[in-house]
Amino acid sequence: MRRLVHDLLPPEVCSLLNPAAIYANNEISLRDVEVYGFDYDYTLAQYADALHPEIFSAARDILIEHYKYPEGIRKYDYDPSFAIRGLHYDIQKSLLMKIDAFHYVQLGTAYRGLQPVPDEEVIDLYGGTQHIPLYQMSGFYGKGPSIKQFMDIFSLPEMALLSCVVDHFLGHGLDFDQAHLYKDVTDAIRDVHVKGLMYQWIEQDMEKYILRGDETFAVLSRLVAHGKQLFLITNSPFSFVDKGMRHMVGPDWRQLFDVVIVQADKPSFFTDRRKPFRKLDEKGSLQWDRITRLEKGKIYRQGNLFDFLRLTEWRGPRVLYFGDHLYSDLADIMLRHGWRTGAIIPELEREIRIINTEQYMHSLTWQQALTGLLERMQTYQDAESRQVLAAWMKERQELRCITKALFNAQFGSIFRTFHNPTYFSRRLVRFSDLYMASLSCLLNYRVDFTFYPRRTPLQHEAPLWMDQLCTGCMKTPFLGDMAHIR
């Protein structure tokens, strides 16, 4: 044990976590990948956080001016530190909350409006339990009958606006229908996109809003130079994508792609066989001719994946597709069509830097506590040792609360509750072979590199966990008495 504490786990080991690394949920060899596909928003184009206040303010004004909501909600401004991606919203209870991989609400992370809801009330709301029944959360795209999961980065201003509007209604004693309020806020956010307001802001100041443009160009050029075929499938319109790609890659960006599809209407693009492809001319106008092949340098609109596979014959694990939305981009093509998938998670970079700092601090505390404990402990029956253990466990509990606040004061990390992975993490592992902070992480690896998931022990495989050691769970009092059974 002394050797474990002092030699095998030095504090510096935590600094090995690299925010520019690619992390594997499944074994995948890039040598076998011949075709690379990409979403556009938050995949090829990474956006600055400055975009979120614009979306929030525009949707807030739409609620006031077009949906006749109270003028008082105009006093609310966007708070970038309020919400995190992956949260669930119970529409009938007006409850925004963080749920773990086993459908349990993480206590201390439930909010109605901008105010925390006491743990006792949360438990009472769900019939004396923290557990959310499967039938309420079973929608494939995170949409149960009464609970919605916010899975993309564009949902951050939506969650903030929803919470602010609920806060105003509750604070002023205004009666409201939860379902109507939720739909109005969702529609207002949708209007910002449908009316093209977001596209206008980005096009007017690309230097301000688009990040990592040079790195996107470097990734695409490198793949083409190694003989890879590329395609783009996005829900964004051609004029917007064209201006963004010209800014990042240059006027000849289409020559890098073998197929470009815009306004694809994902996720129905992956499941609906009815919509045919339409070709666009250089001005973006729809053509009437029937599509019998997908040509390089041309632009196509709508369509469906079944025709895409038939026309390109790009099937199975030789295709690797990158996107930021676990449901709309990745779920269907992995489960139904066998493509390999890569998730772009921009929050990963910040979370890893926090983990490096937090684990370094934690390892120091852990080493100091265990060192003192080992020097004083004779057996687990020693009363003084139990007091030391109790004090240390209390300190760990306090450290856990501090750790949550480091990520986000209200909801903590998007990947983990106190002990369990979040529901977001569960979906990330299920629907992505690889995940990374940005496409630029590909530049750190050879094009024939093989990724292996880290082999971590299952619960019954680990010889001893520190929590078991410190709570005395390693001692099995009846093991000797049970020996005769075998």
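Tutor: A residue is called buried when its relative accessible area is under 20%. The model to which this cut-off is applied is a predicted one. Helix 5, residues 155-171, comprises 17 residues. Of these 17 residues, 15 are buried, so helix 5 is largely enclosed by the rest of the structure. From its first C-alpha to its last, helix 5 reaches 24 Å, close to the 24 Å expected at 1.5 Å a residue. Gly173 follows helix 5 and has a positive phi, near 65 degrees.

Two packed helices are described by the angle between their axes and the distance between the axes. For helix 2 and helix 5, the axes come within 9 Å and cross at roughly 45 degrees. The two helices are therefore oblique to each other, and their crossing is right-handed. Helix 2 contributes His52, Ile55, Phe56, Ala59, Arg60 and Leu63 to this contact, while helix 5 contributes Leu156, Pro157, Ala160, Leu161, Cys164 and Val165. By class, the contact of helix 2 with helix 5 has 10 nonpolar residues, one polar and one charged. The spacing of such positions has a simple background. An α-helix has 3.6 residues a turn, so residues three or four places apart point the same way.

Helix 2, residues 51-65, also packs against helix 6, residues 178-194. Here the angle is about 120 degrees and the axes are 8 Å apart. That angle makes helix 2 oblique to helix 6. The crossing of helix 2 and helix 6 is right-handed. On the helix 2 side, the contact consists of Ile55, Ala58, Ala59, Ile62 and Leu63. These residues meet Asp184, Val185, Ala188, Ile189, Asp191 and Val192 in helix 6. The residues of this contact divide into nine nonpolar, no polar and two charged.

Ser57 is partly exposed, with a relative accessible area of 24%. The C-alpha atoms of Ser57 and Val192 are separated by 9.9 Å, although the two residues are 135 residues apart along the chain.

Helix 12, residues 326-335, and helix 15, residues 423-431, have axes that come within 9 Å and cross at roughly 40 degrees. Leu326, Tyr327, Leu330, Ala331, Met334 and Leu335 of helix 12 make the contact with Tyr423, Phe424, Arg427, Leu428, Arg430 and Phe431 of helix 15. In this contact there are 10 nonpolar residues, no polar ones and two charged ones.

These pairs belong to a protein with 17 helices and 18 strands. Buried residues account for 51% of the 486 residues in the protein. Among contacts between residues at least 6 apart in sequence, 74% join residues at least 24 apart. Leaving aside residues up to four places away in sequence, Ser29 touches Asp448, Phe449 and Thr450. With 17% relative accessibility, Ser29 counts as buried.

Most residues other than glycine have a negative phi, and most peptide bonds are trans. Arg212, in the loop between strand 10 (210-211) and helix 9 (213-225), has a positive phi, near 60 degrees. At 31% relative accessibility, Arg212 counts as partly exposed. The phi of Gln263 is likewise positive, near 45 degrees. Gln263 lies in the loop between strand 12 and strand 13 and is partly exposed, with a relative accessible area of 28%. Pro267 is placed in the loop between strand 12 (259-262) and strand 13 (277-280) as well. The peptide bond from Lys266 to Pro267 is cis, with omega near 10 degrees.

Methods: Residues are numbered from 1 along each chain as its sequence is written. This is a predicted model: local features need pLDDT of at least 70, side-chain atom pairs count only at pLDDT 80 or more; totals for chains, interfaces and linings use all residues. Side-chain values use heavy atoms; hydrogens and water are left out. Axes are lines fitted to C-alpha atoms, for helices over the stretch in contact, and angles run from 0 to 180 degrees between N-to-C directions. Helices (H or I, at least four residues) and strands (E, at least two) are DSSP runs, numbered from the N terminus. Angles under 35 degrees count as roughly parallel, over 145 as roughly antiparallel, 65 to 115 as roughly perpendicular and the rest as oblique. A crossing is left-handed if the near helix is turned anticlockwise from the far one by less than a right angle, and right-handed if clockwise. Contact means heavy atoms within 4.5 Å. Ala, Val, Leu, Ile, Met, Phe, Trp, Tyr, Cys and Pro count as nonpolar, Asp, Glu, Lys and Arg as charged, and the others, Gly among them, as polar. The expected span of a helix is 1.5 Å times one less than its number of residues. Buried means under 20% relative accessible area, exposed over 50%, partly exposed in between (1.4 Å probe, protein chains only).
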